[in-house]
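My notes follow the order in which I looked.

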Amino acid sequence: MKFEKPVPVQWIAEFTGAKLIGDKDQQATGINEIHKVTNGDISFVDFEKYYNACLTSAATVIIINKEVPCPEGKTLLVIADPFSAFVSIVKRFSPFEPATKMVSDSATIGTGTHIQPGAFVGNHVTIGENCLIHPNVTIYDHCVIGNNVTIHAGCVLGADAFYFKRRKDREVQYDKLVSCGRVIIEDDVEIGAGSTIDKGVSGDTIIGRGTKLDNHIHIGHGAIIGKNCLFAAQVGIGGKTIIEDEVILWGQVGVSKDLTIGKGAIVLAQSGVPASLEGGKTYFGSPVAEAKTKMRELSWIKRIPEMWEKINNKDK
Amino acid sequence: MKFEKPVPVQWIAEFTGAKLIGDKDQQATGINEIHKVTNGDISFVDFEKYYNACLTSAATVIIINKEVPCPEGKTLLVIADPFSAFVSIVKRFSPFEPATKMVSDSATIGTGTHIQPGAFVGNHVTIGENCLIHPNVTIYDHCVIGNNVTIHAGCVLGADAFYFKRRKDREVQYDKLVSCGRVIIEDDVEIGAGSTIDKGVSGDTIIGRGTKLDNHIHIGHGAIIGKNCLFAAQVGIGGKTIIEDEVILWGQVGVSKDLTIGKGAIVLAQSGVPASLEGGKTYFGSPVAEAKTKMRELSWIKRIPEMWEKINNKDK
Amino acid sequence: MKFEKPVPVQWIAEFTGAKLIGDKDQQATGINEIHKVTNGDISFVDFEKYYNACLTSAATVIIINKEVPCPEGKTLLVIADPFSAFVSIVKRFSPFEPATKMVSDSATIGTGTHIQPGAFVGNHVTIGENCLIHPNVTIYDHCVIGNNVTIHAGCVLGADAFYFKRRKDREVQYDKLVSCGRVIIEDDVEIGAGSTIDKGVSGDTIIGRGTKLDNHIHIGHGAIIGKNCLFAAQVGIGGKTIIEDEVILWGQVGVSKDLTIGKGAIVLAQSGVPASLEGGKTYFGSPVAEAKTKMRELSWIKRIPEMWEKINNKDK
C-alpha cells in the first residue's frame, strides 16, 4: 500500500513508540510485507533468520526487534513487537470505513456496467465499462475491476487476508496481520458464483486478463493469477501463490501458498499442489506428480497381489 | 431453449450472415446444443468429426463451417464461425434483462411461499407453493421452482454455464458460449446454504423431486440429478452429468462432466468420479473404484515393506 | 432447546396423540436429541437397539415406538412414529418466524458493532460488542455472537441441520428432522467469506474463542470447535464432530461426523478424517494416517517397480 502523501519517519517512530536509528529525515511512501517492498516502503521483521533479507531489501524503513547496524540510506525503528507496530500503522493509514448504502458514492462505475440489486460496492472501488455485477456480490473497499468483467452472484472480492501470527502465551493466540492490499481484476475476466478472492496483506491480489473462474473458487491473499487461465469449480489457491498464464486447473484442485505453477500447466481434478510446478505439463494426485507417472503408480499398486503371489510361490 | 414463436430460417441466415442450403421455408422453433436438440431446433457444429452426428440429429437447422450435402428436410446455414453465429442467436432471443428490484414483477410466486429479505428473484422466475427462500439467495431469470422447496441463504440458482471455446490465436482466448437454459427444481427439494446450481447451456439443469443437498454444493450446467438423492457438503458435479435416483454422495465428492452415476450408487467422502458408475454399488477413492476393491488396495500398500523384506531375505 | 416455560407431559401426549405411561404429572423443560439430553428434556427413540441408551439417559420424557416398562421418575409417550412426534413438538415451540427487514427488531446488537449493508440479522439474534458483520452475511434466528467477532461477506450462520430420516416406502423418501439448536460464536472469532455454520438439531453448534476460519468453510450441525483453532479454506466438518482446542486443519480437509480430533492435532491439506484422531500429532491422507507413516507409504509405492524387477530377475 502506498500512502496518500509521504510520512516522515520521525512521526512514525513517535506513533509506534520505536527507537529511531539511521537516517532521521526520510519520508516513508508506503507500507509492505517483505516480499512486496519497493523503495520508500516501511516493512518489518521479527525473526533473526529474516533480518538479513529485510535489511538488504528495497525497504527504506525497517521495523525490527533488535538494535543492529543500520544499512546506509535506511532507517531502523527498533521496538519489541514489530508485528503490532506494523499493524498499528496499517490501521492508521487504511482505516475501516463503515458503509451506509449498497453502492458507495465514492465508487467509480464505468458506462455500460450493470450493478444488479443486492450487490455491494464498497468505498473507493473502481469498476470499468460493460461489466455485469450480479446480485448479492460483495466488493470490499478499494477493489479495482477492469472492463467486460462478469461477476456472478454471491462472490466476495477483497475480504481480509487470512494471515495471523501465533502467540502461544496469550489467551487469544492468533494475532491478525490487518491487511491493506487490494484485489485487481483485469479485463475480460469472468468469476463464477460464490467465489471469493481475498485482498493482499499489503500488495495486490491479481486476476489476469481473460481468465475464467468457475463457481466456489477461493483465491488467497496476494495470489497472482495469469492471463487466460481456466479454473474449474471449487479450486482453492493459497496466499501469495503465482499461477502463470494459460494454466488449467480442474475441479477441487488445491494449491498451497507461496509457490509458482508454470505457464500452460494442466492440473487434473482433486489434485493437491504442495510445491512449485513446471509449466507445459499435466499433473495429477495429492500430492501431485506428473499425470503419466501417477497413472503408472496407480497401475503398479494393482499388481501388488500378483507380486505377493510370486514371492510366496517361490518359497515352495 | 424454445423461441416464443417460430423464426423463419431465411431471417436467421440474414441475421447471422450465413449461406442457406436446403429447405428455405422452414421455421426454427428453438436453439440447442447437439446433445439436447429436438425437432425444430437450430444447432451448430464446427468440428468435422462431429458433422455426421449433427447432420443426422433431430436438429432441423444446422449451422456448419463447411458446405456439405444437406440432408432431406433440413436446412444448413454455412458460415466460417458457427459458434459465434450460435451465440449471436442466443443473445438475440434470450437477452440479458437488467433487474431493478430484488423480486421481479414478472416472477410468479405461489401461496404459502416466503421470500426472506435480501433474496433476489429474477425476471420470469416461477416459484411454487409453500417454499421458503432464505435471505441473500439469488435466483436468476427463468428459473422454475416447484412446491415445498427450501433454499438456504446464499444459494445461487441459474448462473451462467461455465462453457468456453478456446481460441489460442486471440489475446482473450476463452470465448463464452452464452447460455440460455434454465434451472428446474422439482418439489420437496432442499438446498443447503451457499450452494450453486448453474443453468444449462441450452437445455435445463434439473434437481429431481425429494433430493436434498447440503451446503456449498456445486451443480454444473445441464446436469440432471434424480429423485431422492442425498449429497453431503462441498460436493461438485460437472456439466451435463446425469445422477440417477437415490444416489448418495458423501462430503467433498467430485464428479466429472458428461457421465452417469447409476441408481442407488453410494460414493464415499472425497472420492473423485472421472467416468460413469454402475448403480447399486459403493465406491471410494480418487480416481474412484468399488469401495471394497479400494480398501483392499490400501491394505496391500501397507504390506509392501513386508514384501521387500521377503525378497531381500531370499537373496541371502 | 429449552422451552420458555415448562410444558405438562399430558399436554404433549394429547398434542402428539401418544399414549402416556409412567409419571403423568411431570413438566418437560426442553427437547433434545439423545446425545444432548439433560434433565427435564423430551427425547425420542425409534430403533430397538437404542432403547436402552435412551431409557437410561438424562431424558425425563421419552417418545418411543413400543410399550416398554417405564423407568422410575420418567414418562414414556408411546406412538408409532416418534420421529414425526418429535418434529411436531419442535415446530410447535420453535416455529419459523418470517422476517420483514434485514435486521430484526428483536435482535440485540452491542456497542461498537458495525452491521454492513445487505447483512441479514434474524429474530432473537444476539451480537456482542465491537463486531464487524460484512455485507450479504446471513445470520438466522437465535444465533448468539460474542465480542470482537468478524464475519466476512456471504457467510451463513444458523441454516438448518442436514439431518433426514430415510423412509424408503414413501415417494419423497427423506423426512427432515426440523432443527431447533443454535449457533454460538464465542469472542475473538473470525470467519472467512462464504463460510457456512449450521445450527444444531436441538443443541448448539459452537465456535470456540479465538478460532479463525478461512473462506468457504462448512461446519455441520452441532459440531463443537475448540478455542484457538485455525482452519484453512474449503475445510468441511461433519455434524456433531468435536474439534478440541488449538487444532490446525489445512485447506480442503474433510472431517466426518460424530468424531473427535484431539487438542493440538494438525491435519495437512486435502486429508480426509473418517474417525477420531489423537491430539498433538500431524496427519495426512484420505483416509488419514500419521503424516510420517503416510509419507513412508508414498515412498514405498514408488519402489514397487524395483521390487518387480528383483522378483523377476530371480526367476532366471
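The entries below go from the whole complex down to single residues.

**Entry 1: conventions and confidence**

I am working with a predicted model, in which local features need pLDDT of at least 70 and side-chain atom pairs count only at pLDDT 80 or more, while totals for chains, interfaces and linings use all residues. Residues are numbered from 1 along each chain as its sequence is written, and chains are lettered from A and ligands numbered from 1 in the order in which they are written.

I checked the confidence values next. Here pLDDT is the predictor's confidence in each residue, from 0 to 100. Chain A has a mean pLDDT of 96, with 99% of its residues at 70 or more. For the complex, the predictor gives an ipTM of 0.96 and a pTM of 0.97.

**Entry 2: chain A by itself**

I took helices (DSSP runs of H or I, at least four residues) and strands (runs of E, at least two), numbered from the N terminus. By that count chain A has 5 helices and 34 strands. Its C-alpha atoms fill a box of roughly 85 × 55 × 40 Å along the principal axes.

For burial, I count C-beta atoms placed from the backbone: a residue is buried with 20 or more others within 10 Å of its own, exposed with 12 or fewer, and partly exposed in between. Of the 316 residues of chain A, 54% count as buried.

Two residues are in contact if their C-beta atoms, placed from the backbone, lie within 7 Å. Among the contacts in chain A with a separation of 6 or more, 26% are between residues 24 or more positions apart.

**Entry 3: domains of chain A**

The domain bounds come from an automatic or database assignment. I read off domain 1 (2-93) and domain 2 (108-294) for chain A. Taken over C-alpha atoms, the centres of these domains of chain A are separated by 29 Å. Their contact takes 9 residues from domain 1 of chain A and 9 residues from domain 2 of chain A. On the domain 1 side, helix α3 (residues 82-93) of chain A gives the most, with 4 residues.

I sort residues into nonpolar (Ala, Val, Leu, Ile, Met, Phe, Trp, Tyr, Cys and Pro), charged (Asp, Glu, Lys and Arg) and polar (the others, Gly among them). The domain 1 side divides into 4 nonpolar, 2 polar and 3 charged.

**Entry 4: contacts between chains**

I started with chains A and B, where the contact takes 34 residues from chain A and 36 residues from chain B. Which helix of chain A gives the most to the side that touches chain B? Helix α5 (residues 304-313) of chain A does, with 5 residues. That side of chain A has 13 nonpolar, 17 polar and 4 charged residues.

Towards chain C, 36 residues of chain A are in contact with 34 residues of chain C. The elements of chain A giving two or more residues to this side are β15 (156-159), β20 (196-198), α4 (291-302) and α5. Of the elements, α5(A) gives the most to this side, with 4 residues. I find 15 nonpolar, 16 polar and 5 charged residues on it.

**Entry 5: nonpolar core**

A nonpolar core is a set of buried Ala, Val, Leu, Ile, Met, Phe, Trp, Tyr and Cys residues joined through C-beta atoms within 7 Å. The largest has 180 residues, and A:V267, B:V267 and C:V267 have the most contacts inside it. Leaving aside neighbours within four places in sequence, I listed the contacts of B:V267 as B:L249, B:W250, B:V253, B:V273, B:Y283 and B:V288.

**Entry 6: backbone details**

I found a cis peptide bond joining B:S286 and B:P287, with omega about 5°. B:P287 is in the loop between β33 (282-284) and β34 (289-290) of chain B. In chain C, the peptide bond from C:S286 to C:P287 is cis, with omega near 0°.

A:E246 is not a glycine but has a positive phi of about 60°. A:E246 lies in the loop between β27 (242-243) and β28 (248-249) of chain A. Is A:E246 buried or exposed? A:E246 counts as buried because it has 23 C-beta neighbours inside 10 Å.

B:Q270, also not a glycine, has a positive phi of about 65°. B:Q270 is in the loop between β31 (266-267) and β32 (272-273) of chain B. With 29 other C-beta atoms within 10 Å, B:Q270 is buried.
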